[in-house]
Amino acid sequence: PGLRWVAISVCGFVQERLSKTGDLAEAPNALAHYGLEGCVVLAEAFMWQALLQFKSGSISNFTVGAINLRRAWKLYEKLEARIQQDEAEGLPVDATLKASTLFGAGAFKFFVSLVPSGFTWIAQGLGFTPDREKGLQQLHTSMKCGVGRAAWSASLLLWINGLFYEDFDETKGLLASLQKGWAWGKAHAQAHEHLKLSPLLAFLAGYCLRVNGRVRDAREMFRGMREASGELEPLQVIGAYEEGWCVFLFNDWKEAAELFEWFLERHKSTTYRAWCAMQLAFCHHMLGNTDKCADLMRKVKPWQRPHYSYDQFAARKADEYLSGGFSEVESLCFQAYNLSRCRDFDNAQRLLDEAAAKVDAQQDSDMQAYVVFLRGKLIKLRNHTDADALEDLWERELLPLQSSVKRELYLFPFACYHLADAHFERYKACDYKEGWPHWQKSEQWLERAQKTFSSVEYDFKKPLSRKLSKLLDCSTKARRPD
């Protein structure tokens, strides 16, 4: 109720302020007054100013930020309408203007669509219109323009699909498009200096390459990011951490530890510190440095940021280690998971077979479930449409363990998601008659993931909710008529 009162007050104040000042961003003649290019610059300035004001945290700045955000939105609306009108009449439209307008308009539509349903009235009260699908379409159109804010649209799409949704198929297409328009790799950048990949784009591309299993290419991208950062030490530091993560996935504990230590010595922000400390601790665990491992695990909790899923998981693992260390089975699983991320399936399977032979099902249901879950992940990574084999394994060996697992509770909602996703991918790959049962199964597993575990607290709940939301959107859109 208190938050609702504040929101109503802010919306009312914004509307009253704009009505009194006759804000030019709201006026019909804004485009004629500033010119099209001037309106794009002004809209972007209002947008960035608003974000800085929101970051300050004060109510007064939040209110002024809301006013500026609405100004930006209204200017983008006018520009978007003008571009549509000109195109409908067959008039030429400047590509830079179009790319920059659609970047702003698309970003607004997408992010407003993420507002929880209980708070959409606030966004609507400020005049914003959520439309996730159209927002993504506009960002794609902006990127294809190749000028203006096309690179920013590409960066935002990589962030949305790579970091937010973890949609690997979409990121592959985006990376292929970027290869055509921007430099790719150090040799190409040297030959075409004017096309050199920016550190920001290199960071996003490296991340997406890594989640797509192209870890060696990702490492080269992060190296390029560090080289292109010049005197900007914060970018060099982040690049070192991301490169260290790539090395970590190859189970190269010594080199990964060196990069992680270099990062922690120089990175003063709370970002990444808890998760990096856990990764570095595991490196020292594998290297036999138990004292260093324990010292790092003690630092995880003080560095934990509230409400961050990865930090929360790292803090839980640190507590477990300090209470009794990592078991041999868990160490094997950790290594197998890393290699599966590198698509080294044979060695990952070998480690999982070793872990399965050592796990004591009577004493440790959590590790037994973890081994079976990772075996299923290997099946899906090898063939993401092999829904039947995945379902057979997990229904037979994983889901019956649900009542006895106490720590790794996230395995079960994630298993439901992966089953829903595998059946949906199989549905898309088949003709209607063969595919329809898979669409139905996908819906069943999706519903189970959403409803059965909605009241359960488990690791990575927020990232999974985003995956479920995206899969539900895709499933609804792809459904064929009966």
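Because the model is predicted, local features are reported only at pLDDT of at least 70 and side-chain atom pairs only at pLDDT 80 or more, whereas totals for chains, interfaces and linings use all residues. Residues are numbered from 1 along each chain as its sequence is written, and side-chain values rest on heavy atoms, with hydrogens and water left out.

The protein chain folds into 24 helices and 0 strands; helices here are DSSP runs of H or I with at least four residues, strands are E runs of at least two, and both are numbered from the N terminus. Of its 482 residues, 50% count as buried, where buried means under 20% relative accessible area, exposed means over 50%, and partly exposed lies in between (1.4 Å probe, protein chains only). The accessible surface comes to about 22900 Å², and carbon and sulfur atoms hold 54% of that area; the areas come from the Shrake-Rupley method with a 1.4 Å probe, and for residues only the protein chains shown count as cover. With contact taken as heavy atoms within 4.5 Å, 66% of the contacts between residues at least 6 apart in sequence join residues at least 24 apart.

Since 12 of its 15 residues are buried, H15 is largely enclosed by the rest of the structure. Among these buried residues are Arg273, Trp275, Met278, Phe282 and His284. The cover over them includes helices H13 (233–249), H14 (253–266), H16 (290–303), H17 (309–324) and H18 (328–341). Just after H15, Gly288 adopts a positive phi of about 85 degrees.

In soluble globular proteins, nonpolar side chains tend to be buried together. The largest nonpolar core in this model has 133 residues, and those with the most contacts inside it are Phe248, Met297, Val300, Trp394 and Phe412. Such a core is a set of buried Ala, Val, Leu, Ile, Met, Phe, Trp, Tyr and Cys residues joined through side-chain atoms within 4.5 Å. Helix H22 gives the largest share of this core, 11 residues. Leaving aside neighbours within four places in sequence, Trp394 is in contact with a group of residues including Val372, Phe373, Leu399, Ala415 and Leu419.

The structure holds 31 aromatic pairs. Rings of Phe, Tyr and Trp (its six-membered ring) pair if their centres lie within 6.5 Å; planes under 30 degrees apart count as stacked, over 60 as edge-to-face and the rest as tilted. Trp275 and Tyr310 form an edge-to-face pair, at 4.8 Å centre to centre with 85 degrees between the planes. This pair links distant parts of the chain, with Trp275 in H15 and Tyr310 in H17, 35 residues apart. Trp275 is buried at 11% relative accessible area, while Tyr310 is partly exposed at 36%. A second pair, Phe373 and Trp394, has ring centres 5.3 Å apart and planes at 0 degrees, so it is stacked. Phe373 lies in H20 and Trp394 in H21, so the pair ties together parts 21 residues apart in sequence. Phe373 is buried at 6%, and Trp394 is buried at 0%.

Arg375 and Glu397 meet in one of them, at 3.0 Å from N to O. Arg375 lies in H20 (residues 365–382) and Glu397 in H21 (residues 387–398), so the bridge ties together parts 22 residues apart in sequence. Arg375 is partly exposed at 25%, and Glu397 is likewise partly exposed at 25%. Within H22, Glu425 and Lys428 are 3 residues apart, about one helical turn, and form a salt bridge with the closest N and O atoms 3.3 Å apart. Glu425 is buried at 10%, whereas Lys428 is partly exposed at 44%. Salt bridges that share partners also join Arg316, Lys317, Glu320, Glu330, Asp364, Asp366, Arg407, Glu408 and Asp459 into one network.

Technical notes:
Salt bridge = Lys/Arg side-chain N within 4 Å of Asp/Glu carboxyl O.
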